[in-house]
Amino acid sequence: MEISISVNGSEHQGDVEPRKLLVHYLREDLGLTGTHVGCETGYCGACTVIVDGKTVKSCTMFAVQADGRDIETVEGVASNGELHPVQEGFWECHGLQCGFCTPGMIMSSIALLDANDDPSEDEIRHGIEGNLCRCTGYHNIVRSVQYAGAKMRGEEPAGASEGVSS
Amino acid sequence: MSSTSVMGGIVRRKEDPSLIQGKGIYVDDIKRIGTLHVAFVRSPFAAATISEIDTSSALALDGVRAVYTIEDVRHLGLNPAQVAVGTLRPFLADGAVKHVGEAVAMVVADDRYIAQDAADLVFVDYEPIDAAVDLKDAFADTVQVHDGVSNTLLTWAGNAWWEGVIDLPDPSPGIQEAKEREDTVVVSLEMVNQRLIPTAIEPRAVLADWNSGYDSVELFSSSQIPHAVAGAIGVVFGIPSNKVRVVAPEVGGGFGLKLNVYPDEILCCFASKELGRPVRWTETRREAGFSSIQGRGWVGTATITGTRDGKILGYELEAICDMGAYTHNFTVAIPLLGLFVAPGQYDIPTSYALHCVVTNTPSTDAYRGAGRPEAAYYLERIIDAYAREIGVDPADVRKANYWKPEDFPVTTAIGLTMDTGDYETNLDALLERVGYEDLKAKRDAARAEGRLLGLGLSTYVEVCGFGPSALAGLGFSWAGYGLPAAFNGSGVVRVQPDGTCTVTIGTGPSGQGHETTWAQIVSDGLGIEMDNIEVNHGDSKDSPMGIGSFGSRSLAVDGSATYEATTRVKEKAAVIAGHLLEAAPEDIRFADGGAHVAGSPDRAVGWGQIAESAYQPHTLPEGMEGGLESSVVFSPPNATWPFGSHLALVEVDPDTGDVDILDYWATDDCGNVINPMIVDGQVHGGIAQGIAQALFEEAIYDDFGNLLTSSLADYPLPAAENLPSFSLDRTVTPTDVNPLGVKGIGEAGTIGSAQTIVNAVVDAVSHLGVRHIDMPLRPKRVWQAIQDAGE
């Protein structure tokens, strides 16, 4: 099937098999390998992308379903060489270890903060419950999102040294 | 140790800029022109004979390049293992299957969709037979997994494994005598330490590219042990290991499951060799329950005999340990690692028998902690039960039986020597920080109001940082893969002609931040900026002989090798800088990107000038060789023994059995710390996996050996909502077995945490008559225990 998709602001036309998953289209046809496949069932969230402003697990969507839509992946988050505050937060607060869940976690965190830039810890934990991380125990992911929220509100965020045991 | 703030400082990770932008390269991200894709046909039966495999329909499908069965690969032998006790796995099922999900045939096709379509078209005629699934039944040999062979592969008991090395007295008569005394109590519990599926978020992935022109093969694999895999490929195909290049690029979590040589790694090499094309396989989540190893799986009884005032006179542990059907890398050695820490941090007579038993289930091997979480669980649970029985505070019981700092180095009840430890100081630090007495009062007050609050304590010692060359003969080497190297550390430090520095190490991260930590070590030594230090890892051809990343060993051994190499480079650079600055080498100091004369910061040269001189030997002092690098193999005299204390406050909902973790505190001691931010992160993740075992996760098999929890829908990894924040602190008791004084922290959190939670939950409901609840403590199980106790 012929599809036309906007990904990170670039238009892509292509002929795809109807059964091809969006995540495979992004990774294999477009070479955007930042979006990862962790479970193929929508539970782990490593494949999370933003479609028309909403988070979608791209392993549960066919590429043909994305026809005519606007998709944002982790590769499109930084602009003009500037990291997004969420990316900065993950780096600053050690919000990642192996990094495999990180692209999806970042996309969900961006969507969360776009809806509410001052979430409580409970709201953050609830907001990223669709993204599984096996490395961090989420402790520093929560701090990373708090860092990004503060940054997006124009406040001075708590840095890396905050809360690290001496 | 530290001359600048780099060492011991909170430094943002060098790894992160690529990873947070989606630019990190994992195996499945690597492209090679003409790559073919693999799907496996897997057994639906736990035990069956195979009378026929018909591949014709699959082969007829457009885009299918080959379908292989055992007939094609039998000549390769069996999948090698390091500790080859038991039955090794055939590369594909050979006339019979021994567990659900065992690979029976391998399809190679133009893309992953076609490969899966074709796999569904392979016809296999199975004749199901009785399976040994239940661990106790398997121990009784009711049904044999492998015909004519007892299911019990071996029993770790007495001093059989080190007979002739250490003279170990039999503690049993003394323990028996203590049991018969009138002033003692005997407390015993049978407990399950359930099977777990390690579950790295990145499934395993393999890409093989055999070049018949060079008669060499490249394999990209999501592995913790690329050198061992390279050795195994060499052994299987009969080519020298230096013709094999195994690369582990970014590895998306390991936790022990990627600490194996797997048949799919060998089979992709085989297919690539046969077909002359690159061949890739990427594990699906559902098949990961079969195609990768699982962990834990013990059923055992722990018994303490002690006085009524808290002095333990004997500890006994007997357990049946599930090996699964086939032996992998370390399979039967995992209980041995548990045995290493069976007496914990206590001066107590210890008797044990750990039976290694095969079942018709997927193989078990190392999962984060590997034997040590199991051992700590049994010991720290039964100590809690003993404390409750005699009515003494669990912290006091532990203190009454600890080894004291002045006892070190300690020879434990099982004959191993522990390096350093100060357990009481560590526990007191935790108890003071949290206000232990106030917490107990808070718990009691809540209980008086009908709320079920519980406090759970666990302390632990673990053994890691393997390891000593002297253990090579006991299986601590890669001899099983044709590489008889002890578990040494290795590190190469090279200053390049432009004054930047390249570090190459024999271990690689799967999230632990090696690049940052190693750069800190080298930057601290040489004064070269972090940004000018590049750390290479995970490439069997580029790096010195590497053992890999497991057992919390990387920093203690490979880090120490790198530290020693840094020191040697520094010594040579001091001579060069002294020559350039007309000063004595001993007066040279390194800082801020160069060298200067002590007391005269203006008399300085940059690393660029030092390096230029090193690579233009005519400018060097008379007789000095050119170049500026050092390669060190480090073998410690002993393993390291980190320890710590964990405490949790939980609340149990009496109506639903739901467990809420209100607070979690940990005070760990891993010796010196290079980057406290990374160390804390390791502890966070370790605790999360221990809590996951305590409350959520379990690999469940039905009576026929079907894995009922092969998707993340059924195997509930905790999400952010299910976990608390963690309150951490540390004490610092450096080891004396390596120059950095570091011990290792990757597994500590997991080893300390599962029983902390279970102790807390049992504490919350003990006054209702509950003595024990087996993990995972899901609401139904906790609720049922409360109901049963009330009857």
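## Basis

Residues are numbered from 1 along each chain as its sequence is written, and chains are lettered from A and ligands numbered from 1 in the order in which they are written. The model is predicted: local features need pLDDT of at least 70, side-chain atom pairs count only at pLDDT 80 or more, and totals for chains, interfaces and linings use all residues.

## Sheet of chain A

Chain A holds an open sheet of five strands in the order E2-E1-E5-E3-E4, with mixed pairing. Helices (H or I, at least four residues) and strands (E, at least two) are DSSP runs, numbered from the N terminus. Two strands pair if DSSP finds at least two bridges between them. From one strand to the next the twist averages 40 degrees.

Within this chain, strand E3 (residues 48-51) of chain A and strand E5 (residues 70-72) of chain A run antiparallel and are joined by two bridges. Val51(A) stands opposite Ile71(A) in E5(A).

H3(A) lies across E3 and E4 of chain A and runs at about 40 degrees to E3(A). Axes are lines fitted to C-alpha atoms, for helices over the stretch in contact, and angles run from 0 to 180 degrees between N-to-C directions.

Helix H3 (residues 102-115) of chain A packs against helix H5 (residues 139-152) of chain A at an angle of about 45 degrees, the axes being 11 Å apart. H3(A) and H5(A) are therefore oblique to each other; angles under 35 degrees count as roughly parallel, over 145 as roughly antiparallel, 65 to 115 as roughly perpendicular and the rest as oblique. From H3(A), Met105(A), Ser109(A), Leu112(A) and Leu113(A) meet Ile141(A), Val145(A), Ala148(A), Gly149(A) and Met152(A) of H5(A). Contact here requires C-beta atoms, placed from the backbone, within 7 Å. By class, the contact of H3(A) with H5(A) has seven nonpolar, two polar and no charged residues. Ala, Val, Leu, Ile, Met, Phe, Trp, Tyr, Cys and Pro count as nonpolar, Asp, Glu, Lys and Arg as charged, and the others, Gly among them, as polar.

## Contact between chains A and B

The contact takes 49 residues from chain A and 50 residues from chain B. On the side of chain B that touches chain A, helix H1 (16-20), helix H18 (676-695) and strand E30 (727-730) of chain B are the elements giving two or more residues. H18(B) gives the most, with nine residues. This side of chain B divides into 23 nonpolar, 15 polar and 12 charged residues.

## Ala366 of chain B

Ala366(B) sits in the loop between strand E15 (350-358) and helix H11 (372-390) of chain B. Ala366(B) counts as buried, with 28 C-beta neighbours inside 10 Å; the term requires 20 or more other C-beta atoms within 10 Å, C-beta atoms being placed from the backbone.

Ala366(B) and Gly256(B) lie 110 residues apart in sequence but 4.9 Å apart in space, C-alpha to C-alpha. Leaving aside neighbours within four places in sequence, the contacts of Ala366(B) include Leu259(B), Phe330(B) and Phe550(B).

Strand E24 (residues 588-591) of chain B and strand E25 (residues 594-597) of chain B run antiparallel, joined by four bridges. Phe590(B) stands opposite Ala595(B) in E25(B). The hairpin of E24(B) and E25(B) has two residues between the strands, and Asp592(B) takes a positive phi near 50 degrees.

E25(B) also pairs with strand E26 (residues 600-606) of chain B, in the antiparallel sense over four bridges. Here Gly594(B) stands opposite Gly606(B) in E26(B). The hairpin of E25(B) and E26(B) has two residues between its strands, and Gly599(B) in the turn has a positive phi of about 85 degrees.

How values were computed:
Contact = placed C-beta atoms within 7 Å. Buried ≥ 20, exposed ≤ 12 C-beta atoms within 10 Å, placed from the backbone.
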